[in-house]
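Hi,

Here is the structure I promised to pass on.

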Amino acid sequence: MGRKSVLDLRKLKAGNDKIVMVTAYDYTMARLVDMAGVDMVLVGDSLGMVVQGRSDTLPVTLDECIYHTKCVSRGLEKAHLVFDMPFMTYQISPEQALQNAGRAMQESGAQSVKLEGGERTASAISLIVDAGIPVVGHVGLTPQSVHAMGGFKVQGRSDEAAERVVRDALAVQEAGAFCIVLEGLPTDVAQEITDRLDIPTIGIGAGVHCDGQVLVSTDLLGMNTSFKPKFVKHYASLEQTIVDAVKAYGDEVRSSAFPDAAHSFNRKTPRKVAKLY
Ligand code: KIV
């Protein structure tokens with residue numbers, strides 16, 4: 001059995017099985033989340049914040065996403081791999097979007113690409129899908145529009161805003177996407193979209209009624225406790241675990257307790273050193 005295909009993911013929705021998605025940005029994390037049995041791995045442009053330490057995702061480049069997706073690809077055996085199209089790699093024209101999506105697919109090892117935006121992105125999605133590239137849509141809180149939204153804010157709170165997001169989701173499905181991320185939406189709005197769409201919805205900060213959920217791997221593992229928005233749940237406290245482990249290592253290096261004999265190499269017969277003086 002190889003990596004999950006778009007058909008396998010459709011079957012999960014048809015069978016009422018929830019879809020589990022996480023982000024990963026390197027080989028080591030990819031290997032671990034694959035071992036944990038997730039269905040989908042996204043190399044998100046969130047790497048700009050998580051890996052590069054930036055305050056938003058806008059500076060992330062296509063080359064950077066290709067590099068990280070290649071690394072992740074080497075660690076996955078079973079999970080479906082999604083490539084996140086960075087800011088300004090698909091907004092200029094559908095042709096630009098297709099060219100960059102094509103490059104992502106040829107070079108990175110991904111099986112699909114993700115684009116943010118609803119009605120405004122539909123023509124780009126449609127052209128990419130026509131070229132045989134599976135597309136994941138992304139509506140609601142779309143981080144690449146952080147400045148237009150006035151911050152990372154929950155969308156669809158008013159009736160009018162909710163209707164706009166529903167229209168966006170329908171446009172993404174109509175354009176041919178096989179799956180859609182719903183980010184930062186009230187639970188009832190995400191539920192309505194999930195009920196109205198045939199394609200699976202994957203929520204992040206969008207309540208429990210979505211067909212699946214996605215979290216940033218470093219968030220769910222509790223690797224940065226200074227970042228704790230309401231929708232993030234820590235399933236481990238790796239921040240403390242890692243700090244404690246590295247402290248213990250530092251203490252042992254400083255006291256010469258490490259490396260001990262068990263972690264050192266010895267010759268069977270000690271070398272006779274000629275006395276040169
Ligand atoms: O970039 C990302 O990690 C994402 C997910 C949060 C959906 O877009």
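**After helix α11**

S256 sits in the segment that follows α11. Keep in mind while you read that this is a predicted model. The phi of S256 is near 60 degrees, which is a positive value in a residue other than glycine. S256 is also exposed, at 61% relative accessible area. For context, most residues other than glycine have a negative phi, and most peptide bonds are trans.

N16 is another one to click on. Its phi is near 60 degrees, again positive in a residue other than glycine. You'll find N16 in the loop between α1 (6–14) and β1 (19–23), and it counts as exposed at 72% relative accessibility.

**The whole protein**

Zooming out, the protein has 11 helices and 8 strands. Its C-alpha trace spans about 85 × 40 × 35 Å along the principal axes. Of its 277 residues, 48% count as buried. The protein exposes about 14800 Å², and carbon and sulfur atoms supply 54% of that. Looking at contacts with a separation of 6 or more, 59% come from residues 24 or more positions apart.

**The ligand**

Which residues are around the ligand? They are T23, L42, G44, D45, S46, D84, K114, H138, V181 and I204. For S46, a polar side-chain atom lies 2.5 Å from an oxygen atom of the ligand. For D45, an N or O atom of the side chain is 3.0 Å from a ligand oxygen, and for D84 the corresponding distance is 3.2 Å. Taken alone, the ligand exposes 260 Å², and the protein buries 95% of that.

Leaving out residues up to four places away in sequence, L115 touches M85, Y90, T121, A124, I125, I128, V135, V136, G137 and H138. A124, I125 and I128 are among the buried residues of α6 (residues 122–130), and A122 is buried there too. Seen down the axis of α6, these buried residues fall within an arc of 160 degrees, so they line one face of the helix. An α-helix has 3.6 residues a turn, so residues three or four places apart point the same way. What do the buried residues of α6 pack against? Their partners are α5 (94–108), β4 (112–114), β5 (135–140) and α8 (159–175). Just after α6 comes G132, which takes a positive phi of about 90 degrees.

**A169 in α8**

Last stop: A169, which lies in α8. Is A169 buried or exposed? It is buried, with a relative accessible area of 0%. Not counting residues up to four places away in sequence, A169 touches V139, I180, I193 and L197.

Cheers

Technical notes:
Residues are numbered from 1 along each chain as its sequence is written. This is a predicted model: local features need pLDDT of at least 70, side-chain atom pairs count only at pLDDT 80 or more; totals for chains, interfaces and linings use all residues. Side-chain values use heavy atoms; hydrogens and water are left out. Buried means under 20% relative accessible area, exposed over 50%, partly exposed in between (1.4 Å probe, protein chains only). Helices (H or I, at least four residues) and strands (E, at least two) are DSSP runs, numbered from the N terminus. The arc is that of the directions from the helix axis to the C-beta atoms. Contact means heavy atoms within 4.5 Å. A residue is near a molecule or strand if one of its heavy atoms lies within 4 Å of it. A polar contact is a pair of N or O atoms within 3.5 Å; within protein, one must be able to donate a hydrogen and the other to accept it, and residues adjacent in sequence count only if both atoms are side-chain atoms. Accessible areas come from the Shrake-Rupley method with a 1.4 Å probe; for residues, only the protein chains shown count as cover.
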